Amino acid sequence: MKKIAILGSTGSIGRQALEVIKNRRDAFCVSALGAGNNVELLIEQIKEFEPEIVSVKSEENANILKKLFPTKKILTDGIVDIAKDANYDEVLVSVNGISGLFPTLEAIKRGKTVALANKETLVTAGDIVMAEARKNNVNIIPVDSEHSAIFQCSNNGKYVSKLIITASGGPFLYKTIDEMRNATKEQTLAHPNWNMGNKITIDSATLMNKGLEVIEAHHLFNKDYDDIKVVIHPQSIVHSAIEFVDGSVIAQMGLPSMHLPIQYALTYPERIEGIKTNSFNFVQARELDFYEPDFEKFSALKIAFDAGRTGGTAPAVLNGANEEAVYAFLDGKIRLTDIADITKEVLEKMKIIQNPTLDNILAADKLARIHAKNLIEQVRV
Ligand code: MG
């Protein structure tokens with residue numbers, strides 16, 4: 001029985017991870033849960049999965065939990081403490097934002113396997129995190145469907161020459177840049193293939209999400225940016241692929257579902273029967289399309305590639321500025337296409353530090369957000 005700690009249990013990935021676990025109670029148990037502010041759902045999860053230790057963001061909610069569950073250890077804003085002290089075999093880090101970095105590092109220092117669903121960890125501090133993982137001989141198992149696909153194909157990285165990351169293209173693939181500029185929040189949140197949280201859905205519409213995934217892949221699989229290709233694939237059947245030195249290409253395929261990559265991250269290197277989506281049927285699918293991305297319309301993808309190539313604190317600046325701009329768009333303050341413009345401008349404004357320390361990265365993140373907020377005030381619609 002594998003003991004799993006889930007940080008971010010009330011978010012989209014956390015909830016689906018609990019569905020995976022519920023479906024295979026013989027294989028997994030939940031030893032710790034960490035959540036933000038959705039205390040109602042967290043209470044249901046505690047009753048159902050009976051973790052030993054629980055963290056919730058606010059003191060007020062922690063007090064509610066302490067009254068309801070007097071025998072359990074309840075922490076306020078304690079995801080790092082869970083990573084440090086809780087009894088688990090593997091931790092799923094599925095919290096939002098740069099705060100995912102700290103529990104991930106603590107788990108790695110303890111030599112624990114990390115199922116990583118937090119993008120910011122590798123985007124902002126990929127060099128530091130991967131060095132720590134190598135030092136402690138820790139497996140970081142990606143949960144994101146594209147990286148899971150590459151991980152499943154990659155033969156431990158041997159003989160890999162290129163990574164081919166697919167992108168659905170999101171809701172604006174067949175729209176003009178003007179239509180994209182005038183897109184409403186509702187149009188932008190209507191992703192054709194995947195049902196995800198709001199932040200990542202907006203990032204998928206601008207293709208910034210793909211850009212962040214490219215940076216993650218660079219770190220996870222130790223590949224140069226020149227050897228990472230993004231291919232638009234609207235059906236989201238090929239989740240990503242690898243080209244080997246001899247030209248052979250292996251792709252991982254299936255109907256879009258996060259249950260599989262989550263489960264694989266929890267069972268690796270084994271596979272078990274789990275929640276099954278319908279099998280992919282080649283004959284029914286008939287056509288799978290692949291296109292070159294339009295870097296002009298989806299300028300966020302180009303900006304992310306450039307920030308990745310620059311390295312140092314640039315990806316942290318990219319991530320922080322983009323996140324502020326995405327939330328401003330969700331609040332109706334700016335237009336969709338402003339997100340990439342603001343991010344680019346912040347990157348141009350800031351001095352990039354090479355070989356940064358964690359403190360340098362956090363400072364860059366903070367300053368990028370301040371610059372982004374100032375620009376948001378200027379363009380406010
Ligand atoms: Mg993805």
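This is a predicted model: local features need pLDDT of at least 70, side-chain atom pairs count only at pLDDT 80 or more; totals for chains, interfaces and linings use all residues.
Glutamate 146 sits in helix H7 (residues 145-153), while glutamate 213 sits in helix H11 (residues 208-220). They are 67 residues apart, and the pair links distant parts of the chain. Are these glutamates buried or exposed? Both glutamate 146 and glutamate 213 are buried.

Now turn to the sheet. Strands of a sheet pair through backbone hydrogen bonds, either parallel or antiparallel. Here the pairing is parallel. Seven strands form an open sheet, and their order is E4-E3-E2-E1-E5-E6-E7. Strand E4 (73-76) and strand E7 (140-142) are the edge strands, so each pairs on one side only. From one strand to the next, the twist averages 25°.

Zoom in on one pair of neighbours. Strand E1 (residues 2-7) runs parallel to strand E5 (residues 90-93), and four bridges join them. Isoleucine 6 stands opposite leucine 92 in E5.

Finally, go to the surface. Which residues form a nonpolar patch there? They are Met253, Phe282 and Val283. Together they have about 330 Å² of accessible area. Methionine 253 belongs to strand E11 (residues 249-253). Its relative accessibility is 30%. Buried means under 20% and exposed means over 50%, so methionine 253 counts as partly exposed.

Key
Residues are numbered from 1 along each chain as its sequence is written. Side-chain values use heavy atoms; hydrogens and water are left out. Two strands pair if DSSP finds at least two bridges between them. Helices (H or I, at least four residues) and strands (E, at least two) are DSSP runs, numbered from the N terminus. Axes are lines fitted to C-alpha atoms, for helices over the stretch in contact, and angles run from 0 to 180 degrees between N-to-C directions. Patches are made of residues with over 30% relative accessible area and no salt bridge: like charges are joined within 9 Å, nonpolar side chains (Val, Leu, Ile, Met, Phe, Trp, Tyr) within 5 Å. Accessible areas come from the Shrake-Rupley method with a 1.4 Å probe; for residues, only the protein chains shown count as cover. A salt bridge is a side-chain nitrogen of Lys or Arg within 4 Å of a carboxyl oxygen of Asp or Glu. Buried means under 20% relative accessible area, exposed over 50%, partly exposed in between (1.4 Å probe, protein chains only).
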